[in-house]
Amino acid sequence: MFVLEVILGIVLCVVGFLWWWQRSARIYWEKNGVSYIPGPPLLGVVKDAMMFKKSFGDLFYDIYYHEKFKDDPITGVYFFHKPSLIIRHPEIIKNILVKDFPNFIDRGINSDPHVDGIGRDNLFSVKGARWKTIRTKLSPVFTSGKLKNLFLLMVDVSKVLEQKLASEIGNKPKEYEMKELASFFTTDTISICAFGVQANSLLSPKAEFHVNAKRALDFNWKRAIEFSGCFLLPEIASVMRFSLFSKETNQFLRKTINYVMEERIKSGVKRNDLIDTLITMKETDGDLFKGDTLVAQAAVFLIAGYETSSSAISFTLFELARHPEVQEKLRKEIKEYAEKYGTVQYETINEMEYLHCVVQETLRMYPALPFLDRICVPANGMESYSLEPYHKFEIPKGMPVYIPILPIHRNPKYFPKPEQFIPERFSPENRDSIDQYSYLAFGLGPRNCIGSRFGYFQVKLGLFSILRDYKVEVCEKTPTKIVFDKKSLVIHSDKPLYMNLTRI
């Protein structure tokens, strides 16, 4: 009898706690006049994503277009234990990312401070004044003059890609998994441009650089939980010893990048690339840039660049295969510029308007991340940030805010017929009609993607090299529709993107 009473008491306590949790969460948002989307206690609205029933892209899509609150400028949710704010209004987005950026300088991402210096101290994750210092030091790598020099190295890699395709494709169509093919190309361009190292992924698919870059964002369920925890549950991520990248990836990055830096210092050779910049940072401010801090900057450049650019290339090829009229229009432009300049040059890629439209439309439909996140840390010493005149709510210090990129990009209010692939919406005559705060593929404001121009060149050159001589077509294994991978925080297809390439 006593045991039964104890069990009953525990059950009642649990039920009481769950009731209290739900009630207090609802009351918190109600008393602040903010619409609220409830979720189960301890998990909140993130439940289906954490249980791999729904991708994060679909999660934010459902929140953004909630039947009752889709017209509200903001909506409150709980991500695990923490009240968080979903932002819809473009003017509030503008204020957070640009106008009032000093109040939202940090991302929420976190990891174990003791074992994950690479994941914690890179430009994407680092916080506050330290972020500003690192950003300032790295910015010279991406000036127009530097990009022109790096572009020549990209062209060398594109020639290897062209040779590979020429040797493998005969008179019959050949099937490729396009994400994999694109990832070979992006790994090789980043490794040579950033580190001065020949990765040779195009010629040797099991090359160490490619294997480790791929492993970083190739999630099983355990890594998916760990990676998502770093973004959405930063306090627990520290306690649970989560790391942004796997132990094996961190070991490879640490060994490789430190070796490249040491060899560069010994040789005295200057390449004006990322490694030279990191060496300068170490020599001029060794107390600030020590340990894994330098490795972290190179690591995020490799892995983020590898992933975003290879996804953009493969998703573009997928849409072109499904829209042959767009592909032919693009190929016509490619051939015109190839004839105009003889060989592919920096100016070639820079001047191609339709190629730029195609890439922008791909990134509208398939941005690398489904959301942007920021933490409210008022710069004026206040304890909150006012959303007046758009809402009476004041965001308290420490609250995460989320800007849902994917659903904003597919909002018919900003992009008519959003589910259709229409590159012409970004043409010069239409471009001015697009609200710049509704297109967030590379973020906006001081904390936008530092390598966006490098990424654009990389993606465009890859597409140029493939489409000039080959037609991309659907095959039996091509997905009829992109369904997002439920284990991935970034935008991935849950099925391989197989397509045929046919020599023209």
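**Core, sheet and helix pair in a predicted model**

Modeller: In this predicted model, the largest nonpolar core has 163 residues, of which Phe 79, Leu 85, Phe 195, Ile 395 and Leu 501 touch the most other members. Helix H14 (residues 293-322) gives the largest share of this core, 15 residues.

Biologist: What makes a set of residues a nonpolar core?

Modeller: The members must be buried residues of nonpolar kinds, such as Phe, Leu and Ile, joined through side-chain atoms within 4.5 Å. Phe 79, Leu 85 and Ile 395 are among the members that touch the most others.

Biologist: Which residues does Ile 395 touch, not counting residues up to four places away in sequence?

Modeller: Ile 395 touches Leu 85, Phe 104, Cys 376, Glu 383, Ser 384, Tyr 385, Leu 387 and Val 401. Contact here requires heavy atoms within 4.5 Å.

Biologist: Why is Ser 55 called buried?

Modeller: The cut-off for buried is under 20% relative accessible area. Ser 55 has a relative accessible area of 1%, and is therefore buried. The place of Ser 55 is in the loop between helix H2 (47-50) and helix H3 (56-64). Ser 55 touches Phe 484, Asp 485 and Lys 486, not counting residues up to four places away in sequence.

Biologist: How do you know that strands E1 and E2 pair?

Modeller: Pairing requires at least two bridges between two strands. Six bridges join E1 to strand E2 (residues 82-87), and the two run antiparallel. Ile 74 stands opposite Ile 87 in E2, and the bridge partner of Gly 76 in E2 is Leu 85. E1 and E2 form a hairpin with two residues between them, and Phe 80 in the turn has a positive phi of about 60 degrees.

Biologist: Which way do the residues of E1 point, and are they buried or exposed?

Modeller: In a regular strand the side chains alternate between the two faces of the sheet. From E1, Ile 74, Gly 76 and Tyr 78 point one way, while Thr 75, Val 77 and Phe 79 point the other way. Six of the six residues of E1 (residues 74-79) are buried, and the strand is mostly covered.

Biologist: What makes the pairing in the sheet mixed?

Modeller: The open sheet has four strands in the order E1-E2-E7-E4, with mixed pairing. E2 and E7 pair in the parallel sense over two bridges, whereas strand E4 (residues 372-375) and E7 pair in the antiparallel sense over four bridges. Ile 86 stands opposite Tyr 402 in E7, and Ile 375 stands opposite Pro 400 in E7.

Biologist: Why is one side of E1 and of E4 left without a neighbour in the sheet?

Modeller: In the order E1-E2-E7-E4, E1 and E4 stand at the edges and each has a single partner strand, so one side of each is left without a neighbour in the sheet. The twist averages 30 degrees from one strand to the next. Helix H4 (residues 90-99) packs on the sheet, touching E1, E2, E4 and E7, and its direction makes about 120 degrees with that of E7.

Biologist: Why are helices H13 and H14 called roughly antiparallel?

Modeller: Angles over 145 degrees count as roughly antiparallel. The axes of helix H13 (residues 274-284) and H14 come within 10 Å and cross at roughly 160 degrees, and the two helices are therefore roughly antiparallel to each other. H13 passes H14 in a right-handed crossing. Leu 274, Leu 278, Met 281 and Lys 282 in H13 meet Leu 294, Gln 297, Ala 298 and Phe 301 in H14.

Terms used:
Residues are numbered from 1 along each chain as its sequence is written. This is a predicted model: local features need pLDDT of at least 70, side-chain atom pairs count only at pLDDT 80 or more; totals for chains, interfaces and linings use all residues. Side-chain values use heavy atoms; hydrogens and water are left out. Buried means under 20% relative accessible area, exposed over 50%, partly exposed in between (1.4 Å probe, protein chains only). Axes are lines fitted to C-alpha atoms, for helices over the stretch in contact, and angles run from 0 to 180 degrees between N-to-C directions. Angles under 35 degrees count as roughly parallel, over 145 as roughly antiparallel, 65 to 115 as roughly perpendicular and the rest as oblique. A crossing is left-handed if the near helix is turned anticlockwise from the far one by less than a right angle, and right-handed if clockwise.
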